[in-house]
Amino acid sequence: MSSDQHIKGRSEIGEGSSRGGGGYVLKPSDSQPTPPALPQLSRYESQKRRDWNTFGQYLKNQRPPVALSHCTYNHVLDFLRYLDQFGKTKVHLQGCVFYGHPDPAGPCTCPLKQAWGSLDALIGRLRAAYEENGGLPEMNPFASGAIRVFLREVRDSQAKARGIPYKKKKKKRNAPILKPNEETSSFRMQQ
């Protein structure tokens, strides 16, 4: 290879990049059309895609592997229980001296689990991803009543273990908007 060819080759190949084979990345030249840039995914969409891929990998790793078309709510429940090993929320057991105390005074040997809010959000993303990937809404294993019951039990048990009762927020009722000529219960001067 002559030095002119060697220099020309280097102008089309970027050095020092961590991508590509051998530390080189091809740079687009004027003669090659550049592919259209993909739109940046939102944080939610990125997380939903990552969760969907993780669940798919979980099913593939089952013995025997489970096809998505054969996935049931039992597989989803097993997946949620599997995720507990990666949890960061201390959930006190009933025999623990800190059971029912929101701010424990010291460490204990109670397990770390996935927080209820994380599991609830995960199921919401997986439920949406299932239907976006061709699943029928009536066959969605993430929308099963058993999943809702499981999440409710997790929420209640974690709230008791931490001494923080979960109270559902009540929706504010909007007062009806009255037109200016309608009678209202407010005080009016009648003079």
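Visitor: In which helix does Asp-51 lie?

Guide: Asp-51 is part of helix α2, residues 43–60; helices are DSSP runs of H or I with at least four residues, numbered from the N terminus. The model is predicted, so local features need pLDDT of at least 70 and side-chain atom pairs pLDDT 80 or more, while totals for chains, interfaces and linings use all residues. Residues are numbered from 1 along each chain as its sequence is written, and side-chain values use heavy atoms, without hydrogens and water.

Visitor: Is Asp-51 buried or exposed?

Guide: Buried means under 20% relative accessible area, exposed over 50%, and partly exposed in between, with a 1.4 Å probe and protein chains only. Asp-51 has 9%, so this residue is buried.

Visitor: How is a pair of aromatic rings described?

Guide: By the distance of the centres and the angle of the planes. Rings of Phe, Tyr and Trp (its six-membered ring) pair if their centres lie within 6.5 Å; planes under 30 degrees apart are stacked, over 60 edge-to-face, and the rest tilted. The count here is 10 aromatic pairs. Phe-55 and Phe-142 have ring centres 5.1 Å apart and planes at 70°, so they are edge-to-face.

Visitor: Which parts does the pair of Phe-55 and Phe-142 tie together?

Guide: Phe-55 lies in helix α2 and Phe-142 in the loop between α4 (116–132) and α5 (145–162), so the pair joins parts 87 residues apart in sequence. Both residues are buried.

Visitor: What is the geometry of the rings of Tyr-58 and Tyr-82?

Guide: Their centres are 5.2 Å apart and their planes at 40°, so the pair is tilted. Tyr-58 is in helix α2 and Tyr-82 in helix α3 (residues 73–83), 24 residues apart.

Conventions. Helix = DSSP H or I, 4+ residues; strand = E, 2+ residues; numbered from the N terminus.
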